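Please read them with the coordinates open.

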Amino acid sequence: MDILQLCQMACSGNDEAFYKLICEHKAQLYKIAYSYFKNEPDALEAIQETTFRAYKGIRKLKEPKYFKTWLIRILINYCIDETKQNKKVLMPVENVDIISSIDGDIELKLLVGQLDPKYRSIIILKYYEGFTLNDIAEILEKPVGTIKTWLNQALKKLRVVLAEEGKHYA
Amino acid sequence: MHEDKLYENGKNEYNSIAIPSNIDESILAGIQKAKLYRRKSISQRAALLAACLITCALITMIRISPVFAGYLSELPLFEHIVKLVNFDKGLKSAVKNNFMQPVGISTEHESIKLSIDNIIVDETRMIIFYTLKNNGNPAKIRMGRVDLLDEKGEHLKAAYGITHYYSNDDSSVESNFIDVSFSKETTIPDMLTIKAWIEDVPISSEAVSIRDYPTPTQPKYLASVWELSIPIDKSKFESMKQTYDVYKTIEVENQKITFEQIIIYPTRAAITVSYDSRNSMKIFNFDDLCLIDEKGEVWGSIKNGISGSKLSDNTEVLYFESNYFETPAELYLKGSSMRALAKDKLEIVVDIVNKKLIKAPDNKISLSSISSAGDSYALDFILRKDPMDEGFHYMPFSSIFRDSANETYYDNGSSSSGGMNDGNYFNEITLYIPGDKKYTNPLIFTLDNYPNRISKEFFIKVK
């Protein structure tokens, strides 16, 4: 059975199809969630909450083919809300120093971890998940122009951080 | 350090994030939580609906206390259905005995979603539970016309209807059911297609009188057709019936009535009754006929749905609540009173020019006015009822009538509303007849029901 069929069944209230569909996307969901929270319990909590919200809302999903986009939107909205409330996920700058000095390399994940949630979403979706800017605009429900601006700003911020790090460790 | 390299590193790191083995538990927990949440919201709607039923039946004014509403919200899902079929203990029992087939499919047009949630079906009747949810259409909606089709797209040979409950509550959700009565000609399909036209009911929320609702001739439907196909698992009710041959004749005020056979299906009990063709009166209805067991448990007639069907001029099948799942040790038929009228008094003759009643059975009925109503003429009657008819609305006229040239016509529907005056209960009955016909005055209407009674207590052993 293909994804679209599963989506249609899930939309019309078939629990088994819904479960299969979430399982189909679970790795992707988990990785995105983990990128935000950097720990397993919070990432799993995000999976549960996303499943909950998706099940509740699936009757409102008009086009089954947008299921994936819609699901990731739910997840990212949750992650952004949670990280706003819970600053612990933001890496303190000291940690960057420690790890980078050990590896002798600066890992982008840590830098991305310091970005605003909305910038972080864009970097994760674009560079890690390989979504196009149009997909990202769909997921975040923003015009493509806004996404382009945010990406640009996110990259600028990363460059600033990189530049500063570069100054230190050059 | 090159930027792309950085992304590459980050990406590798990202891709190597390990998926924990217990992730499926989190997914299942999320579904479970959502189901609990959904049950809660459905039960709250059930509480609302129960409140509407009570208000609309005008039995009594009950305010649902927060405690009671809270209690309802804790009930499991099927209690919602039980609330819907609360008036029929046989259907309630069918639900409790897991005789319901879950469906769970839906379709949405014009921001209105039609879901078929469950069906209860056996070889004599089918109850289709549906939910209409208005997700933002400005219309005040209700289920309008419904077509039931078999696999070949042909109309199901069955009678069906929906009982609507009006309320002042501006709820965007209608949870209700289609009651389908099968007959001998019905072939139950394996796949049933339901085509629904949703009605826009242009009424103000203050409307309480039946007069404020459109007459049956002028419904306004939304443009879309909501169409769904549902499977019917016939193996689930195969040979599910209990048949009792009774063949007992009673005599009430010289009228002979024979109870022939009782078949008890899960959804209803069917009692075949025949009337002696030499009877001087026509028997309209039994007031209190019921099935009763050795413990005094009673199963009454089906009030909110199809209550009977005619097999021939003198034979009919009456439908009662089912005790299929209870299987009492002993069973009896019990009754004492019936509505009946002399066969030579069954006609009401109306002079539509002088707006007068020329012939009526007695002075219980009077003609109050004849007026023009859209494409119809509205004939207003007042019918004085017996005290025991307090909550009953008489629809006394057969839908076929004729004029003095012996031309036959169909009416455009009728309505009945109740009231009380000087201690007398009465119904105001409006009969709509086509306004574009050249009638030969006067018109002759036939009575199908009338507040005239004969009585005698009887008690018949069924098993």
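1. Is Thr50(A) buried or exposed? Thr50(A) is buried, at 1% relative accessibility, where buried means under 20% relative accessible area, exposed over 50%, and partly exposed in between (1.4 Å probe, protein chains only). Thr50(A) belongs to helix 4 (residues 40-57) of chain A. Beyond its neighbours within four places in sequence, Thr50(A) contacts Leu71(A), Ile74(A) and Leu75(A), a contact being heavy atoms within 4.5 Å.

2. Some ground rules follow. This is a predicted model, in which local features need pLDDT of at least 70 and side-chain atom pairs count only at pLDDT 80 or more, while totals for chains, interfaces and linings use all residues. Residues are numbered from 1 along each chain as its sequence is written, chains are lettered from A and ligands numbered from 1 in the order in which they are written, and side-chain values use heavy atoms, with hydrogens and water left out.

3. Chain A has ten helices and zero strands; helices (H or I, at least four residues) and strands (E, at least two) are DSSP runs numbered from the N terminus. Of its 170 residues, 48% count as buried. Among chain A contacts between residues at least 6 apart in sequence, 62% join residues at least 24 apart.

4. Chain B contains five helices and 27 strands. Of its 463 residues, 48% count as buried. Where chain B contacts join residues at least 6 apart in sequence, 66% of them are between residues at least 24 apart. Chain B exposes about 22,900 Å², and carbon and sulfur atoms supply 49% of that.

5. On the cores: a nonpolar core is a set of buried Ala, Val, Leu, Ile, Met, Phe, Trp, Tyr and Cys residues joined through side-chain atoms within 4.5 Å. The largest one has 71 residues, and Ile128(B), Ile257(B), Phe259(B) and Phe286(B) have the most contacts inside it. This core lies between domain 1 (82-236) and domain 2 (242-340) of chain B, because both give residues to it; the domain bounds come from an automatic or database domain assignment. A second, separate core of 56 residues includes Leu6(A), Tyr55(A), Ile74(A) and Ile17(B). In soluble globular proteins, nonpolar side chains tend to be buried together.

6. Phe286(B), leaving aside neighbours within four places in sequence, touches several residues, among them Ile257(B), Phe259(B), Leu318(B) and Phe458(B). Thr124(B) is in the loop between strand 2 (112-121) and strand 3 (125-134) of chain B and is buried, with a relative accessible area of 6%. Not counting residues up to four places away in sequence, the contacts of Thr124(B) include Val180(B), Phe182(B), Tyr265(B), Arg268(B) and Tyr319(B).

7. Most residues other than glycine have a negative phi, and most peptide bonds are trans. The peptide bond from Asn441(B) to Pro442(B) is cis, with omega near -10°; Pro442(B) sits in the loop between strand 25 (424-434) and strand 26 (443-447) of chain B. Asn254(B), not a glycine, has a positive phi of about 70°. Asn254(B) is in the loop between strand 9 (242-252) and strand 10 (255-264) of chain B and is exposed, at 63% relative accessibility. Thr327(B), also not a glycine, has a positive phi near 40°; Thr327(B) lies in the loop between strand 16 (315-320) and strand 17 (331-342) of chain B and is partly exposed, at 46% relative accessible area.

8. Over all chains there are 17 aromatic pairs. Rings of Phe, Tyr and Trp (its six-membered ring) pair if their centres lie within 6.5 Å; planes under 30 degrees apart count as stacked, over 60 as edge-to-face and the rest as tilted. One of the pairs is Tyr324(B) with Phe325(B), edge-to-face, at 5.2 Å centre to centre and 80° between the planes. Tyr324(B) is buried at 14% relative accessibility, whereas Phe325(B) is partly exposed at 25%. Phe381(B), Phe397(B), Phe401(B), Tyr409(B), Tyr439(B) and Phe445(B) form one aromatic cluster.

9. Two charges sit over rings, the rule being NZ of Lys or CZ of Arg within 6 Å of the ring centre and within 35 degrees of the ring normal. Lys89(B) lies over the face of Trp299(B), at 5.1 Å from the ring centre. Arg145(B) lies over the face of Trp197(B), at 4.0 Å from the ring centre.

Definitions and conventions: Accessible areas come from the Shrake-Rupley method with a 1.4 Å probe; for residues, only the protein chains shown count as cover.
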